[in-house]
Amino acid sequence: MKITKLGILSAILASSCCAGPLILGALGLGVGSAFFSQFHWVFLIGGAVLLLWAWIRYGFKKGSCSCEDKKEESSRIELITLLLATGVFLFFLSMSFVPYVFGQKVSDKSLPAAALSQGSLVAKIPIEGMSCASCEMEISHAVKQLKGIKWVKVSFASKEATVIYDPKEVELEKILSSIRQTGYEPGKPIVYSRPVEVH
């Protein structure tokens, strides 16, 4: 396989764990998102192996060739492709770790005042299967579409969603159902009638 194709394939594999759920969600096929989360590390490891193989082949080719102008141009294109593929791979790899390293603790003070209005409830909902920031975005987007949702924070680092909602406008079961539609299974929620710390 050509070095440029290996580089492109590695970038596609590495990005599919995060981009795949977003694409499926946009197509209305959110249930398939759990598939990508389930094999998140397989995609990343596969991308790493292909990328490493491409760099090794590039190194051997560069060392063994007495390049002409055409080969020099080809070599430049391969190098640019590999650098771009490496950048894509590192970006999606970082999406798997950044929330753990820089995960912010959100306190009551940082919750929007409008969300804490009289009668609002706070539900902390455990969610298993999230593997990166795109999972958070997909679940958050699905829940925000419901009428009566005041505020949503989804964290794959703590494996939970915190939702502030108006129980007169939306039932908790409807919130859980919207999470299920994205392909993730919510656990038993804990509901508070006053603000709580959000992780």
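Phe91 is partly exposed, at a relative accessible area of 48%, whereas Phe92 counts as buried because its relative accessibility is 15%; here buried means under 20% relative accessible area, exposed over 50%, and partly exposed in between (1.4 Å probe, protein chains only). This is a predicted model, in which local features need pLDDT of at least 70 and side-chain atom pairs count only at pLDDT 80 or more, while totals for chains, interfaces and linings use all residues. Residues are numbered from 1 along each chain as its sequence is written, and side-chain values use heavy atoms, with hydrogens and water left out.

The count of aromatic pairs comes to 2, where rings of Phe, Tyr and Trp (its six-membered ring) pair if their centres lie within 6.5 Å, and planes under 30 degrees apart count as stacked, over 60 as edge-to-face and the rest as tilted. The rings of Trp55 and Tyr58 have centres 6.0 Å apart and planes at 90°, so this pair is edge-to-face. Phe91 and Phe92 also form an edge-to-face pair, at 5.0 Å centre to centre with 80° between the planes.

Beyond its neighbours within four places in sequence, Tyr165 is in contact (heavy atoms within 4.5 Å) with residues including Ile149, Leu172 and Ile175.
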